[in-house]
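Here are a few notes to read with the picture open. Have a look at the charged side chains as you go.

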Amino acid sequence: MKHAITLALLVSFASPAAAQDSDEDSNLREGWGLLSEGSRLILEGLAEEMRPFVDDHLLPMIAELGALIDDVAMYELPERLPNGDIIIRRRVSEPDSEAEADPIEDPVDL
């Protein structure tokens, strides 16, 4: 039903547009320009209204999440299990040097 309504609206808007001459075409472009400018102003106003919420609530939550996760590179890609669960495994850290890999054999100068 939604598709039929959408198709009917598109056809009704497209039919007059196909029959327009150059004056009506310039009016259409001007109308689209005004619509675009109005949409931009609405979105800018919405962004300004949301700024206090973002600053007071969202940014601290993101910072806390960042502190918990530490470094995204330390984790594997998410994996979906057959039961629908999603797990994110921590990567196994590799030793940085041979000394860390085998701490029992420290060279001793005699």
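1. Let's start with one pair. Glu 37 and Arg 40 both sit in helix α2 (residues 22-69), 3 residues apart, which is about one turn of the helix. Helices here are DSSP runs of H or I with at least four residues, strands are runs of E with at least two, and both are numbered from the N terminus. The side chains of Glu 37 and Arg 40 form a salt bridge at 2.4 Å, N to O. That term means a side-chain nitrogen of Lys or Arg within 4 Å of a carboxyl oxygen of Asp or Glu.

2. A word on what you're looking at: this is a predicted model, where local features need pLDDT of at least 70 and side-chain atom pairs count only at pLDDT 80 or more, while totals for chains, interfaces and linings use all residues. Residues are numbered from 1 along each chain as its sequence is written, and side-chain values use heavy atoms, with hydrogens and water left out.

3. How exposed is that pair? Glu 37 is partly exposed, with a relative accessible area of 36%, and Arg 40 is partly exposed too, at 37%. For the cut-offs, buried means under 20% relative accessible area, exposed means over 50%, and partly exposed is in between (1.4 Å probe, protein chains only).

4. Now move along helix α2. Arg 51 and Glu 48 are 3 residues apart there, about one helical turn, and their side chains meet in a salt bridge of 3.4 Å, N to O. Arg 51 counts as partly exposed at 43% relative accessibility, and so does Glu 48 at 49%.

5. Which parts does the pair Glu 79 and Arg 89 tie together? The two side chains meet in a salt bridge (3.3 Å, N to O). Glu 79 lies in strand β1 (residues 79-80) and Arg 89 in the loop between β2 (86-87) and α3 (98-101), so the bridge links parts that are 10 residues apart in sequence. Glu 79 is partly exposed at 35% relative accessibility, and Arg 89 is partly exposed at 44%.

6. Salt bridges can also share partners: Glu 37, Arg 40 and Glu 44 are joined into one network that way. The structure holds 5 salt bridges.

7. Finally, zoom out. The protein has 3 helices and 2 strands, in the order α-α-β-β-α from the N terminus on. Buried residues make up 1% of its 110 residues.
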